[in-house]
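Student: I have a model open and want to go through it with you. Can we take it piece by piece?

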Amino acid sequence: MRIHTKGVQAGLFISFEGIDGAGKSTHIQGLADAFRELGRAVVLTREPGGTPLAEKLRTLVLNDAMDPLCEALLMFAARRDHLRQVIEPALQRGEVVLCDRFTDATFAYQGYGRGFDLAVLRQLEQWVQGRDDGEGVRQPDLTLWFDLDPAIAAARLADARSPDRFEALPVEFFSRVAGGYHQRQQADPDRFERIEANQSIEAVWRSVQAALVARGWLGGRTNP
Ligand code: TYD
């Protein structure tokens with residue numbers, strides 16, 4: 001059933017967060033399918049990345065050695081291009097934007113993980129996500145935070161493909177990153193939904209679904 005008419009409904013911006021190995025990918029795809037079944041246009045994208053320029057920056061930042069300021073600037077440069085080229089236009093068209101990571105990842109990884117100055121990150125966030133319509137700073141309407149014990153995530157990643165610069169970091173780094181996500185959630189509890197990621201894929205999917213149903217954005221659906 002198509003319940004909305006294109007152009008009339010508001011856009012919806014949902015980000016997916018969590019430490020590496022938390023298992024968000026399956027559920028991003030599951031939600032894209034669920035929204036498409038409702039007749040919504042869906043943009044499935046990721047950060048860093050999502051545009052030709054930002055994907056080039058992604059390759060650099062995930063592979064080349066650099067200092068934390070350079071890392072933070074490249075993350076926000078990629079985000080700026082992604083917002084202007086992809087995210088804002090899609091939201092204007094009333095589409096659903098599902099984004100694998102957004103600014104909370106920069107606070108969690110560069111800020112809490114690397115120890116980079118949070119005040120500088122807040123300033124960059126203001127500049128990069130400031131909206132042309134004067135409506136303040138663009139943030140997701142909902143952030144699904146897949147919360148998993150860093151030791152369990154490390155065990156899951158141990159079998160995975162060759163690690164990038166972040167995945168190669170020790171479990172202590174990911175403990176700080178997880179703490180960063182917790183801080184971000186505390187600061188903005190209405191935007192965040194914590195998903196217990198130490199469950200079966202089916203149980204995690206039910207939690208994801210419940211978060212969307214509770215907001216009136218989805219009906220019930222059983223499989224990821
Ligand atoms: P990830 O999203 O996990 O993709 P994949 O599943 O392909 O590995 O990888 C992106 C990495 O970039 C991840 O380790 C987190 C890191 N990252 C930051 O450090 N800061 C950021 O602002 C973003 C968006 C990602």
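Student: Which residues does Leu91 touch, not counting those up to four places away in sequence?

Tutor: Before the answer, note that this is a predicted model. Leu91 touches Gly11, Leu12, Phe13, Val97 and Arg138, with residues up to four places away in sequence not counted.

Student: Where is Leu91 found?

Tutor: Leu91 is found in helix 3.

Student: Buried or exposed, for Leu91?

Tutor: Leu91 counts as buried, because its relative accessibility is 9% and the cut-off for buried is under 20%.

Student: And how far apart in space are Leu91 and Phe192?

Tutor: The C-alpha atoms of Leu91 and Phe192 are 19 Å apart, and the two residues are 101 apart in sequence.

Student: Phe192, then. Which residues is Gln185 in contact with, leaving aside neighbours within four places in sequence?

Tutor: Gln185 is in contact with Trp145, Phe192 and Arg194, once those neighbours are left aside. Gln185 lies in helix 7, which covers residues 171-187. Its relative accessible area is 16%, so Gln185 is buried.

Student: Switching to the ligand. How many residues surround the ligand, and which are the closest?

Tutor: The ligand is surrounded by 16 residues, and the closest are Asp20, Arg101, Thr106, Gln110 and Glu167.

Student: Which helices each supply at least two residues of that shell?

Tutor: Helix 2 (52-63), helix 3 (68-92) and helix 4 (103-113) each supply at least two. Helix 4 gives the largest share of the shell, four residues.

Student: Which pocket does the ligand sit in?

Tutor: The ligand sits in the largest pocket.

Student: How much of the ligand does the protein bury?

Tutor: Taken alone, the ligand exposes 550 Å², and the protein buries 90% of that.

Student: Back to Glu167. Where is its place?

Tutor: Glu167 is in the loop between helix 6 (150-158) and helix 7. Its relative accessibility is 14%, so Glu167 counts as buried.

Student: How far apart are Glu167 and Ile19, in sequence and in space?

Tutor: Glu167 and Ile19 are 148 residues apart in sequence, while their C-alpha atoms are 9.3 Å apart.

Student: And Arg101, what is its phi near?

Tutor: Phi of Arg101 is near 80°, which is positive in a residue other than glycine. Most residues other than glycine have a negative phi. Arg101 lies in the loop between strand 3 (96-100) and helix 4. Its relative accessibility is 12%, so Arg101 counts as buried.

Student: Next, the backbone. Which residues does a cis peptide bond join?

Tutor: A cis peptide bond joins Glu47 and Pro48, with omega about -15°. Most peptide bonds are trans. Pro48 is found in the loop between strand 2 (42-46) and helix 2.

Student: What does Val61 touch, not counting residues up to four places away in sequence?

Tutor: Pro48 again, along with Met66, Glu71, Leu74, Met75, Arg165 and Phe166. Val61 is found in helix 2 and counts as buried because its relative accessibility is 1%.

Student: How far are the C-alpha atoms of Val61 and Glu125 separated?

Tutor: Those two C-alpha atoms are separated by 18 Å, and the residues are 64 apart along the chain.

Student: Last one, His27. Where is His27 found?

Tutor: His27 is found in helix 1, residues 25-37. Its relative accessibility is 2%, so His27 counts as buried.

Technical notes: Residues are numbered from 1 along each chain as its sequence is written. This is a predicted model: local features need pLDDT of at least 70, side-chain atom pairs count only at pLDDT 80 or more; totals for chains, interfaces and linings use all residues. Side-chain values use heavy atoms; hydrogens and water are left out. Buried means under 20% relative accessible area, exposed over 50%, partly exposed in between (1.4 Å probe, protein chains only). Contact means heavy atoms within 4.5 Å. A residue is near a molecule or strand if one of its heavy atoms lies within 4 Å of it. Accessible areas come from the Shrake-Rupley method with a 1.4 Å probe; for residues, only the protein chains shown count as cover. On a 1 Å grid over the protein atoms alone, a cavity is a set of points where a 1.4 Å probe fits but cannot get out, and a pocket is an open set with protein on both sides within 12 Å along at least five of seven lines; lining residues have an atom within 4 Å of a point. A molecule sits in a cavity or pocket if more than half of its atoms lie within 2 Å of its grid points.
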